[in-house]
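The points move from the overall fold to the ligand and then to individual residues.

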Amino acid sequence: MSGIVVVYHSGYGHTRKVAEYLARGAKAELIAIDDNGELPESAWDKLAEAKTIVFGAPTYMGNASWQFKKFADATSKIWFMRGWQNKLFAGFTNSASPVGDKGLTLAWLQTLAGQHGGIWISLGMLPSNTKAAKNTDLNALGGSTGLLVQSPSDASVDEIPQGGLDTAAAFGARIAEITEQFA
Ligand SMILES: Cc1cc2nc3c(=O)[nH]c(=O)nc-3n(C[C@H](O)[C@H](O)[C@H](O)COP(=O)(O)O)c2cc1C
């Protein structure tokens, strides 16, 4: 066990695939928030025990999906008890447009970690932003606070640009390395 838990919501499967790549890179456990914004009862104990919690949500209408927000609101008792104080946190989002207001979602995920007294792990990668850059490159969307992935609006789950998925796996490896350093 790496001590890393990825808790995410995905309405149509794209964010789930990103979560799976990140979890593979981090050797993390995945917890899915369901379509009603609920998670399995055992998930709360896993989150309590985790050294690092990674938040993941699709960007819907310029912020995290309501199901992820319902989960976030359900952590308010933990917030009050300082249950996640000094844990490590990281975050990612996925949306259809290259920008698509994803940055707002990521900033809010970081704020949620801050509310819990957490320590935020940034993406830690240079952007691929030259004329020659392609969407198969690492960090082609140029994130820094966390992971940004684009799933074009007509792309199936199997057509997410490989660069986004590879960036997710590399970010997972970085999260694992930093979690190990803090252990
Ligand atoms: C209700 C809704 C709102 C959306 N809002 C945005 C948005 O603000 N920006 C954007 O780039 N894409 C937006 N999208 C597209 C999704 O982010 C995109 O399809 C994403 O891959 C969905 O992830 P999922 O399959 O994990 O649910 C929206 C999609 C839905 C269903």
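**Notes on the predicted model**

1. The protein has six helices and seven strands. The model is a predicted one. Read from the N terminus, its elements follow the order β-α-β-α-β-β-α-α-β-α-β-β-α. The radius of gyration is 15 Å, close to the 16 Å given by the globule rule for 183 residues, so the protein is as compact as a globular protein of that length.

2. Along the principal axes, the C-alpha trace spans about 50 × 35 × 25 Å. Of the 183 residues, 40% count as buried. Among the contacts with a separation of 6 or more, 77% are made by residues 24 or more positions apart.

3. Which residues come nearest to the ligand? Of the 19 residues around the ligand, these are Gly11, Tyr12, Thr15, Ser95 and Gly100.

4. The secondary structure elements that supply at least two residues each to the shell around the ligand are α1, β3 (52-60) and β5 (88-95). The largest share, three residues, comes from β3.

5. Thr15, one of the residues that come nearest to the ligand, lies in helix α1 (residues 14-26). Is Thr15 buried or exposed? Thr15 has 27 other C-beta atoms within 10 Å; because the cut-off for a buried residue is 20 or more, Thr15 is buried.

6. Leaving out residues up to four places away in sequence, Thr15 touches Tyr8, His9, Ser10, Gly56, Ala57, Pro58 and Asn94.

7. Val6 belongs to strand β1 (residues 4-9). With 26 other C-beta atoms within 10 Å, Val6 is buried. Which residues is Val6 in contact with, leaving aside its neighbours within four places in sequence? The contacts of Val6 are Ala19, Leu22, Ala23, Ala28, Leu30, Ile31, Val54 and Gly56.

8. Val6 and Glu20 are separated by 14 residues in sequence and by 8.9 Å in space, C-alpha to C-alpha. Gly56 is among the contacts of Val6, and Gly56 is also among the residues that Thr15 touches.

Definitions and conventions. Residues are numbered from 1 along each chain as its sequence is written. This is a predicted model: local features need pLDDT of at least 70, side-chain atom pairs count only at pLDDT 80 or more; totals for chains, interfaces and linings use all residues. Helices (H or I, at least four residues) and strands (E, at least two) are DSSP runs, numbered from the N terminus. A residue is buried if 20 or more other C-beta atoms lie within 10 Å of its own, exposed if 12 or fewer, and partly exposed in between; C-beta atoms are placed from the backbone. Two residues are in contact if their C-beta atoms, placed from the backbone, lie within 7 Å. A residue is near a molecule or strand if its C-beta atom, placed from the backbone, lies within 6 Å of it. The radius of gyration is taken over C-alpha atoms; the globule rule is 2.2 Å times the number of residues to the power 0.38.
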